[in-house]
Amino acid sequence: MNQLRLIHAQALVNNIDQTILKLLEIPNFSYAQSLFDGIPKPSPYLYNKLIHAYCKHDFPRKCFSLYSRMCFHGCPPNPYTFTFLFAACASSMRNDGCMFHTQFLKLGFDYDTLASTALVDMYSKTGHLCNARKVFDEMRDKDLPAWNSMISGYARSGDLVGARDLFESMPSRNVVSWTAIISGYSQNGMYESALKMYLRMEREENGVTPNEMTIASVLPACANLGASEIGERIETYARKKRFLRNNMYVSNALLEMYAKCGKIDAARRIFDEIGSKKDLCTWNSMIMCMAIHGRSMEGLELFDEMVRGGTSPDDVTFVGVLLACIHEGRVKEAYQFFESMEKDFHITPKLEHYSCIVDLLGRAGKLTEAYDLINKMPVKPDSVVWGALLGACSFYGNIELAEKAVNSLLELEPHNSGVYVILSNIYASAGRWDGVARARKFMKGHQMTKVAGHSIIEVDGNVHKFIVEDKLHPNSKDIYLLLQEVSEKMKLVGSPENFAFELEHHI
């Protein structure tokens with residue numbers, strides 16, 4: 001209050017424009033706006049400062065209202081005005097941008113690089129990629145932010161080919177450029193490409209180093225590829241740069257990476273290190289980690305600790321909790337947690353939660369109960385739900401329910417050959433060779449082939465992908481020669497124990 005009184009006193013003596021600018025720095029918008037409203041003819045500079053401040057603090061309606069007032073009172077806008085208006089449209093995901101773009105062109109400001117870059121960014125963020133590309137191609141001087149906005153727009157829309165083409169044609173790149181393409185690959189599930197791009201960034205001698213967003217973008221790729229060696233190296237770098245201390249996105253991404261790679265103790269170390277700064281994402285990752293890696297009781301204990309500490313769970317939390325119950329075979333507790341979702345936490349169960357309960361009942365051999373639950377679900381069951389039932393039918397050899405599950409699965413995924421493979425195996429286990437023949441005949445008639453499985457391994461910080469009888473790897477000849485040597489040695493030695501001893505001494 002004393003500061004405001006001082007500023008007000010200065011306003012009475014000095015230039016009121018400077019007073020408004022000081023109020024915007026605090027910020028105190030209501031006071032600044034009241035002083036601004038008292039000025040008979042504000043300058044374009046003051047209008048722009050106020051529009052910029054409202055844009056920066058996410059008040060887009062205020063920006064648009066000021067622009068309308070500016071035009072009504074005959075105060076001419078300039079390129080800076082439109083730069084801030086485009087930014088306000090981008091942050092609010094509004095479609096007013098086309099109208100502002102038209103006025104921008106009428107006033108002949110399309111030569112301005114800064115405003116044109118903001119326009120490209122606006123169209124990219126609001127999903128109008130064709131318009132963004134048109135503005136981008138017509139720009140006389142394309143600056144780095146324009147290139148980066150265009151790449152981010154393509155990546156956000158899932159067009160990674162377009163993003164990569166632009167990336168490769170850039171005259172120069174900064175950390176934002178690299179992060180845009182890495183995060184684009186990672187967010188679209190192209191984890192190998194994301195990791196390769198990150199490793200390429202490390203190798204390039206251009207002085208560009210990863211920042212917090214780069215690290216948070218590449219760690220999910222490490223997590224999904226099981227590239228824990230690279231993940232550990234990234235942790236060392238992040239600690240050196242103090243990213244773990246200052247950025248929760250990096251901490252949570254590192255925790256999830258170790259959790260998915262099965263390094264539970266390392267995940268717990270990061271979890272404990274986060275301390276009182278734990279958010280819901282931190283708790284969810286750790287609970288899920290314990291649930292899927294055989295330490296379900298610890299996962300349930302973490303859930304109790306989280307709730308007692310005042311953090312409210314969400315639907316993702318309960319997926320982890322139900323998975324913990326599945327791996328412990330706790331049918332009764334699972335139902336209690338399932339019912340408490342709506343009763344205690346006002347969370348409506350989703351397909352993932354019903355899938356967990358179906359899976360739990362199926363593993364417990366209660367196939368009829370699982371099938372009845374599917375038919376009573378308030379939402380249409382998806383392939384995951386029916387797949388859980390089919391998996392249980394496969395384990396317990398229930399042909400009748402397996403056929404029902406298969407029929408429902410094929411309605412959802414008519415080209416999923418794996419469904420017929422499982423059904424064929426169920427028939428074979430029961431000695432129903434006529435069923436096996438029908439399933440294989442159907443697959444052959446519809447030209448359905450089993451999708452080849454693949455393995456991913458990490459060697460010396462590089463990730464390699466292998467398919468059965470794959471000859472695409474540059475060292476495939478040497479690999480197959482070594483495999484043949486190992487196979488022959490196993491036959492000679494006879495027992496696995498002796499082979500392990502012989503192999504150890506051979507190496």
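In this predicted model, the loop between α22 (331-345) and α23 (351-363) contains His-346. The phi angle of His-346 is positive, at about 55 degrees, although the residue is not a glycine. Because its relative accessibility is 69%, above the 50% cut-off, His-346 counts as exposed.

A second residue of this kind is Asp-58, which is not a glycine and yet has a positive phi of about 65 degrees. Asp-58 sits in the loop between α4 (44-56) and α5 (60-72). With a relative accessibility of 47%, Asp-58 counts as partly exposed, because that class lies between the limits of 20% and 50%. Most residues other than glycine have a negative phi, and most peptide bonds are trans.

The bond from Ile-26 to Pro-27 is cis, and its omega is near -5 degrees. The backbone angles discussed in this report are collected below.

| Site | Backbone angle |
|---|---|
| Ile-26 to Pro-27 | omega near -5 degrees |
| Asp-58 | phi of about 65 degrees |
| Gly-275 | phi of about 65 degrees |
| His-346 | phi of about 55 degrees |

Helix α18 spans residues 264-274, and its buried residues are Ile-264, Ala-266, Ala-267, Ile-270, Phe-271 and Ile-274. These residues lie on the same side of α18, because the arc they cover around the axis is only 165 degrees. The helices against which the buried residues of α18 pack are α15 (228-240), α17 (248-260), α19 (280-292) and α20 (296-308).

A further topic is the packing of one pair of helices. Two packed helices are described by the angle between their axes and the distance between the axes. For helix α8 (residues 113-125) and helix α9 (residues 129-138), the axes come within 7 Å and cross at roughly 160 degrees. Angles over 145 degrees count as roughly antiparallel, so α8 is roughly antiparallel to α9. The crossing of α8 past α9 is left-handed.

On the α8 side, the contact is formed by Ser-116, Leu-119, Val-120, Tyr-123 and Ser-124; these meet Leu-129, Asn-131, Ala-132, Val-135 and Phe-136 of α9. Sorted by class, the residues in the contact of α8 with α9 comprise seven nonpolar and three polar ones, with no charged residues.

Technical notes
Residues are numbered from 1 along each chain as its sequence is written. This is a predicted model: local features need pLDDT of at least 70, side-chain atom pairs count only at pLDDT 80 or more; totals for chains, interfaces and linings use all residues. Side-chain values use heavy atoms; hydrogens and water are left out. Buried means under 20% relative accessible area, exposed over 50%, partly exposed in between (1.4 Å probe, protein chains only). Helices (H or I, at least four residues) and strands (E, at least two) are DSSP runs, numbered from the N terminus. The arc is that of the directions from the helix axis to the C-beta atoms. Contact means heavy atoms within 4.5 Å. Axes are lines fitted to C-alpha atoms, for helices over the stretch in contact, and angles run from 0 to 180 degrees between N-to-C directions. Angles under 35 degrees count as roughly parallel, over 145 as roughly antiparallel, 65 to 115 as roughly perpendicular and the rest as oblique. A crossing is left-handed if the near helix is turned anticlockwise from the far one by less than a right angle, and right-handed if clockwise. Ala, Val, Leu, Ile, Met, Phe, Trp, Tyr, Cys and Pro count as nonpolar, Asp, Glu, Lys and Arg as charged, and the others, Gly among them, as polar.
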